[in-house]
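Student: Hi! I have this one open in the viewer, could you go through it with me?

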Amino acid sequence: MQKKDFEMLIPVAAFMASSLWRATAFVQRHRTGLLVGSCVGLFGAQISYHLFPDPVLRWLYQYWPQGQPAPLSPNLQRLFQEVLQDIGIPSGHHYKAFTTFTFQPVSAGFPRLPAGAVVGIPASFLGDPVTNTNRAVVIHGQRVDWQSPAGTQLRDALTLSHDAQKFSLAREVVYLESGAAALQALPAPACLVGTWALSVGAKHALGLYGGPMSLRAAFNLIAAVVGFVFYTFSTDSLTHALEAWLDRHTASLSAAYSQGGVEFYEKVLSCNLALRSLLGRPGEKLYTPSGNVIPRHWFRIKHLPYTTRRDSVLQMWRATLNPGRS
């Protein structure tokens, strides 16, 4: 019985080996085309979110207070137009705004393209209608007790001044105007090309193409791991540099914007601390005692800490108040 089973496995093993050989031969013949197609696919997958911002962003973040999408209030519309005027956005650039349920503004798109850019303005910018103590608000499956100390802290953190609201919106507009979304989509295909080129060059230099396939497969696995590590490092470094630049550029618009930026990040930290208290044990896993977001992966820090961003804007604000000391 065992011998019969073994004989039945021989054709299966032969078929798998033949399939692997054909797949390897196909990759060798068309590796340039596959590489180009993979790079285009990676770039397109990351940029598509910005090429079609209107339906995608609304589907993800639209605020539905009573089973209906909340229209953008005249107050928020005026606020958004004021920010666009302060930055000096050309009339040919296309922007749309809608009301979102998030605590911070969201954005996507390219203003210079026909599809334009979309900015989601938090409903909390309206103030009382959202943070009303009679309204039930559920965060991470837990209802907010507005009468508790943490609930009071959360309500105060969601109440931003006019300048703080303008800073948060201006930061998104500056991001969209810079076209940084295209730059953020480059590391993935660039690291893929770099990993492939270095892998091929190293295998030629080490003479692995004349050795067994298992050795080349092991080398390819090591190269893929190294490429992924470099990708995460380059992506996070680019994000850090971009976030720091956005804060500096937005705060440099005026002293009111820099002051609003300090308040905005102070309120973000306060909001996170309130959530840390409201959520209990899960909140302690999400936020540090200072209000920063705890990274999900030990080897990655995807964003600058909010305390770092606050301190950077605070330094710029102090420089505008004391220009002789800057």
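Predicted model: local features only at pLDDT ≥ 70, side-chain atom pairs only at ≥ 80, totals over all residues.

Student: Got it. Where is W298 found?

Tutor: W298 is in the loop between α12 (281-286) and α13 (306-321). The labels follow DSSP runs numbered from the N terminus: helices are H or I with at least four residues, strands are E with at least two.

Student: And which residues form the nonpolar patch on the surface?

Tutor: L221, V225, F228, V229, W298 and F299 form that patch, and together they have about 720 Å² of accessible area. Areas come from the Shrake-Rupley method with a 1.4 Å probe, and for residues only the protein chains shown count as cover. Patch members have over 30% relative accessible area and no salt bridge; nonpolar side chains (Val, Leu, Ile, Met, Phe, Trp, Tyr) are joined within 5 Å, like charges within 9 Å.

Student: Switching to helices: at what angle do α7 and α11 pack?

Tutor: Helix α7 (residues 162-178) and helix α11 (residues 255-279) pack at about 95°, with their axes 7 Å apart. Axes are lines fitted to C-alpha atoms, for helices over the stretch in contact, and angles run from 0 to 180 degrees between N-to-C directions. α7 and α11 are therefore roughly perpendicular to each other. That label covers 65 to 115 degrees; under 35 is roughly parallel, over 145 roughly antiparallel, and the rest oblique.

Student: Which residues in α7 meet α11?

Tutor: D163, A164, K166, F167, S168, A170 and R171 do, and on the α11 side they meet A256, Y257, G260, G261, E263, F264 and Y265. Contact means heavy atoms within 4.5 Å.

Student: What does D163 touch?

Tutor: D163 touches A256 and G260, leaving aside residues up to four places away in sequence. D163 and A256 are 93 residues apart in sequence, yet 6.2 Å apart in space, C-alpha to C-alpha. D163 itself is partly exposed, at 27% relative accessibility.

Student: How many salt bridges are there?

Tutor: The count comes to 12, taking a salt bridge as a side-chain nitrogen of Lys or Arg within 4 Å of a carboxyl oxygen of Asp or Glu. One of them joins the side chains of E82 and K166 (3.0 Å, N to O). E82 in helix α4 (residues 74-87) and K166 in helix α7 are 84 residues apart, so this pair links distant parts of the chain.

Student: Are those two buried or exposed?

Tutor: K166 is buried at 9% relative accessible area, whereas E82 is partly exposed at 29%.

Definitions and conventions. Residues numbered from 1 in each chain as written. Heavy atoms only, no water. Buried < 20%, exposed > 50% of the residue type's maximum accessible area, 1.4 Å probe, protein only.
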